[in-house]
Amino acid sequence: LFPMGHYSDFQDLTLQDAIKIAKENVRNRPKTSGRLAGKIAIVTGGAQGFGFGIAKEMVREGATVVLADLNEELAKAGAAQLGDRAAGIKADVSNAQSVERMVIETVARFGGLDIMLSNAGVLKAGALSEITQETFEFVTRVNYTGYFLCAKYASEIMKAQYEADNTVWSDIIQINSKSGLEGSKANFAYAGGKFGGIGLTQSFALELAPWQIKVNAICPGNYYDGPLWSDPENGLFVQYLRAGKVPGAKTVKDVREYYLSKSPIRRGCYPEDVAKAVFYCVEQLYETGQAIPVTGGQVMLN
């Protein structure tokens with residue numbers, strides 16, 4: 001690992017300082033083995049759910065990972081579970097200054113940045129007549145603008161690393177959604193932002209290819225066992241029941257059974273399923289700008 005001291009030492013560093021550190025350490029990566037050997041990654045929204053599950057698989061395959069989350073305490077606790085090649089920091093992906101600090105701190109701690117996994121997201125379901133402008137803009141700010149900010153600041157480090165060593169490849173990966181591939185009734189704020197995320201993915205891929213920065217989106221199906229769906233008060237099963245999204249559903253169990261029936265494999269998506277797609281994105285040097293479904297056959301590309 002790249003020793004830079006304690007968190008307080010990072011506060012005076014600028015993005016230009018981080019760029020200099022990354023250039024100097026482009027050939028000095030953690031000595032690990034696995035499919036992500038030596039890679040340094042940020043996982044936003046990494047404290048729980050898909051984010052933490054994916055981060056766990058990434059560490060297992062040799063990556064050094066920063067769990068970046070609004071819930072700093074949970075991020076630090078998660079990092080402690082993952083060991084010395086993990087750190088937890090507070091980050092608000094909808095705020096440019098916070099994202100910039102997240103990238104600076106990652107580089108200062110570990111010496112560079114090879115994978116930006118833009119996973120943080122929020123969902124507020126509801127009909128067009130119910131969702132307020134404030135709610136719509138909140139969802140868009142986190143899911144769409146947040147991805148833009150992560151790509152913006154991560155790419156500055158990745159460009160510098162390529163300029164220092166033109167054999168280096170880097171990856172920006174958005175954890176998108178099957179709702180980025182097809183519309184979602186009473187869930188338009190989320191689906192709209194995810195559709196937009198694929199547009200950003202394709203556009204960033206075209207712009208960043210000269211620096212060997214690949215940009216792809218992964219579009220998972222539903223992680224029914226995670227807090228996004230199963231939280232008893234604000235989970236999507238509860239939200240969708242209240243919003244009347246599933247015709248005839250009278251209980252949360254009815255909503256769950258309806259969604260399970262939509263996939264021919266008849267189970268929800270797991271973090272390990274998504275992690276395998278992440279590994280593919282990193283390993284495959286001849287693909288960029290793609291939206292990769294991981295939906296159990298619920299969404300099939302034309």
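Val 294 lies in strand E7. The model is a predicted one. With a relative accessible area of 15%, Val 294 is buried, because the cut-off for that class is under 20%.

Leaving aside residues up to four places away in sequence, Val 294 touches Ile 218, Cys 219, Pro 220, Gly 221, Cys 269, Asp 273, Val 274 and Ala 277. Between the C-alpha atoms of Val 294 and Leu 117 there is a separation of 16 Å; along the chain these two residues are 177 residues apart.

## The sheet

Seven strands make up an open sheet in the order E3-E2-E1-E4-E5-E6-E7, and their pairing is parallel. Strand E3 (86–90) and strand E7 (291–294) are the edge strands, each pairing on one side only. On average, and with direction ignored, neighbouring strands of this sheet are turned by 20° against each other.

Strand E1 (residues 40–44) and strand E2 (residues 64–69) run parallel and are joined by five bridges. Ile 40 has Thr 64 as its bridge partner in E2.

## Helices on the sheet

Helix H3 (residues 72–82) packs on the sheet, where it touches E2 and E3. The direction of H3 makes about 180° with that of E3. Helix H10 (residues 271–283) also packs on the sheet. The strands touched by H10 are strand E4 (115–118), strand E5 (170–175), strand E6 (213–220) and E7, and its direction makes about 160° with that of E6.

## The two faces of H3

Ala 75, Gly 78, Ala 79 and Leu 82 are buried in H3. These residues are on the same side of H3, because they cover an arc of only 100° around the axis. In general, an α-helix has 3.6 residues a turn, so residues three or four places apart point the same way.

Helix H2 (49–60), E2 and E3 are included in what covers the buried residues of H3. Glu 73, Ala 80 and Gln 81 are exposed and sit on the face of H3 turned away from its buried side. Just after H3, Gly 83 takes a positive phi of about 105°.

## Salt bridges

The whole structure contains eleven salt bridges. One of them pairs Asp 165 with Arg 27, with the closest N and O atoms 3.7 Å apart. This pair links distant parts of the chain, 138 residues apart: Asp 165 is in the loop between helix H5 (133–164) and E5, and Arg 27 is in the loop between helix H1 (15–24) and E1. Asp 165 counts as buried at 13% relative accessibility, whereas Arg 27 is exposed with a relative accessible area of 61%.

Glu 283 forms a salt bridge with Arg 35, and their closest N and O atoms are 2.7 Å apart. Because Glu 283 lies in helix H10 and Arg 35 in the loop between H1 and E1, the pair ties together parts that are 248 residues apart in sequence. Glu 283 counts as partly exposed at 40% relative accessibility, and Arg 35 counts as partly exposed at 37%.

A salt bridge also joins Arg 256 to Asp 225, the closest N and O atoms being 3.1 Å apart. Arg 256 lies in helix H9 (residues 252–260) and Asp 225 in the loop between E6 and helix H7 (227–230), so parts 31 residues apart in sequence are tied together. Relative accessibility is 27% for Arg 256, which counts as partly exposed; Asp 225, at 49%, counts as partly exposed.

Conventions. Residues numbered from 1 in each chain as written. Predicted model: local features only at pLDDT ≥ 70, side-chain atom pairs only at ≥ 80, totals over all residues. Heavy atoms only, no water. Pairing = 2+ DSSP bridges. Helix = DSSP H or I, 4+ residues; strand = E, 2+ residues; numbered from the N terminus. Axes fitted to C-alpha atoms, helices over the stretch in contact; angles between N-to-C directions. Contact = heavy atoms within 4.5 Å. Buried < 20%, exposed > 50% of the residue type's maximum accessible area, 1.4 Å probe, protein only. Arc of directions from axis to C-beta. Salt bridge = Lys/Arg side-chain N within 4 Å of Asp/Glu carboxyl O.
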